[in-house]
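Hi everyone, thanks for coming. Today I'd like to walk you through one structure, step by step, so please have a look at it first.

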Amino acid sequence: SLWQQAERAGRTGRPSLTLVLAQDSPLELYFASHPAALLARPIEAAAANPLNAELLQLHLLAAAQEQPLRLPPPPGDAETEPELCTWGEWKEPATAAIKARELKMVGSRHNPRLECSELGAAAVRRISLREICREKVRVVDVTEGAMAVELETMEAAAAQLRLYSGGRISPLRR
């Protein structure tokens, strides 16, 4: 949270300064113009679903970039691929990352590991503390007769809820 980050700067007991840099979104620009409205608010508890598959996939990618992740070898002597069956809630995100070629299997049958690929490393660089969804859309004002103006970018999942009827959603290309 904002307060938690600001308090870390002053842990030594010496004076400190906290800067808040607003991104180009209406809410952040409002608080940049009205700091008292932000600073007078009570601290809110963060709410996140720790079993969110997208969140788990990003954590797997970040962890695998630091160090290859060890997998349990398959049971028995069968010549089968290592399985993620003992990974519980991590199985679905790991499988999705492998299919997306962001994680790759390396090592031997008796010492299988998951390693972050170049695609996975690029995904890790795009991890945001503010957003979870990696798919972004552009919000563009295409008022008749006017030149198209980009208003903001937002998560694709949020666009489904926040944009008005009649608007068009177009994926943001990087």
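This is a predicted model: local features need pLDDT of at least 70, side-chain atom pairs count only at pLDDT 80 or more; totals for chains, interfaces and linings use all residues.

**A walk from the surface inwards**

I43 sits in the loop between α3 (35–39) and α4. Is I43 buried or exposed? Its relative accessible area is 57%, and exposed means over 50%, so I43 is exposed.

Next, let's turn to helix α5. This helix covers residues 91–99, and P93, A94 and A97 are buried in it. Where do they lie around the axis? They cover an arc of only 100 degrees, so they are on the same side of α5. Here is a handy rule for your notes: an α-helix has 3.6 residues a turn, so residues three or four places apart point the same way.

And what do the buried residues of α5 pack against? Their partners are α4 (53–66), β2 (103–108) and β3 (111–116). On the face turned away from the buried side, α5 carries the exposed residues E92 and K99. Just after the helix, R101 has a positive phi of about 60 degrees.

Last stop: the aromatic rings. The count comes to one aromatic pair. The ring centres of Y30 and F31 are 5.5 Å apart and their planes are at 65 degrees, so this pair is edge-to-face. As for the two partners, Y30 is partly exposed at 41% relative accessibility, while F31 is buried at 16%.

That's my tour, and I'm happy to take questions!

Key:
Residues are numbered from 1 along each chain as its sequence is written. Side-chain values use heavy atoms; hydrogens and water are left out. Rings of Phe, Tyr and Trp (its six-membered ring) pair if their centres lie within 6.5 Å; planes under 30 degrees apart count as stacked, over 60 as edge-to-face and the rest as tilted. Buried means under 20% relative accessible area, exposed over 50%, partly exposed in between (1.4 Å probe, protein chains only). Helices (H or I, at least four residues) and strands (E, at least two) are DSSP runs, numbered from the N terminus. The arc is that of the directions from the helix axis to the C-beta atoms. Contact means heavy atoms within 4.5 Å.
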